[in-house]
Amino acid sequence: MLIPRKPTPDLSLPLAGGGTFTLSAETSPRGTVVCFYRGLHCPLCATYLGELAKLTPEFEARGVGTVGVSSDTEERAEAMAAKLPAPLRIACGLPLTEARDWGLYISTSRGVTSIGVEEPALFSEPGLFMVGPDRALYYGAVQTMPFVRPHFSELLKALDFAIEKNYPARGEYVGAV
């Protein structure tokens, strides 16, 4: 389990369209929203990433970078990026061992999806994380299913509150209970 206020695992993955996303090299002053998605086969992911893409300028205005991450191949990641209504960095090739390090659930293929795209043999389920510039976890949510994800507009409001009140990450206690 990832612990708030403690470092997250690093990520260094190719980006659709070229380049590399390396979490530890991010320079956004308030950190990065890392949105793990299931892959090209998931129509809900395309809609969700589309929302993040549209709101990326709002995050950037608050000093926060954004990235979508999946275990998809670069070709599939580029196809996902092409579906989005606005630019968004899409990192690909996430090893499933690293997905597990982030606490993500892993699913097996059920074949061709409702949009006619084959699911990979194994892939991670969604997760949304706000990671500080020091790679410390600020916020995290993981899911076992593609449904009912956190809303990016609510995350922006929470970010505004956290900035204004200097609100710390919560859930950091790891002692006996």
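This tour moves from the sheet to a pocket and then to a few single residues, naming what to select at each stop.

The structure is a predicted model, in which local features need pLDDT of at least 70 and side-chain atom pairs count only at pLDDT 80 or more, while totals for chains, interfaces and linings use all residues. Residues are numbered from 1 along each chain as its sequence is written, and side-chain values use heavy atoms, with hydrogens and water left out.

**The sheet**

Begin by selecting the five strands of the open sheet, which follow the order S5-S4-S3-S8-S9 with mixed pairing. Strands here are DSSP runs of E with at least two residues, helices are runs of H or I with at least four, and both are numbered from the N terminus; two strands pair if DSSP finds at least two bridges between them. Strand S5 (90-91) and strand S9 (137-142) stand at the edges, and because each has a single partner strand, one side of each is left without a neighbour in the sheet.

**Strand S8 and its partners**

Now select S8 (residues 127-131), which runs antiparallel to S9 and is joined to that strand by five bridges. Along this pairing, Gly127 stands opposite Val142 in S9, and Val131 stands opposite Leu137 in S9. S3 and S8 also pair in the antiparallel sense, over five bridges, and here Thr32 stands opposite Val131 in S8.

Showing the side chains of S8 raises a question: which residues point one way from S8, and which the other way? Gly127, Phe129 and Val131 point one way, whereas Leu128 and Met130 point the other way, and all are buried, meaning under 20% relative accessible area, with exposed over 50% and partly exposed in between (1.4 Å probe, protein chains only).

**The hairpin turn**

Follow the chain from S8 into S9, and you pass through a hairpin with five residues between the two strands. Select Arg135 in this loop, which has a positive phi of about 70° although it is not a glycine. At 23% relative accessibility, Arg135 counts as partly exposed.

**The largest pocket**

Centre the view on Arg30, Gly132, Pro133, Tyr138 and Tyr167, which of the 18 lining residues are the closest to the centre of the largest pocket. The lining divides into 13 nonpolar, two polar and three charged residues, and its largest share, three residues, comes from H4.

Finally, select Glu172, in the segment after H4, which counts as partly exposed at 27% relative accessibility. Glu172 and Leu137 are 35 residues apart in sequence, yet their C-alpha atoms are 9.6 Å apart in space. Leaving aside residues up to four places away in sequence, Glu172 touches Ile3, Pro4 and Arg5.

At 42% relative accessibility, Arg5 counts as partly exposed.

Key:
On a 1 Å grid over the protein atoms alone, a cavity is a set of points where a 1.4 Å probe fits but cannot get out, and a pocket is an open set with protein on both sides within 12 Å along at least five of seven lines; lining residues have an atom within 4 Å of a point. Ala, Val, Leu, Ile, Met, Phe, Trp, Tyr, Cys and Pro count as nonpolar, Asp, Glu, Lys and Arg as charged, and the others, Gly among them, as polar. Contact means heavy atoms within 4.5 Å.
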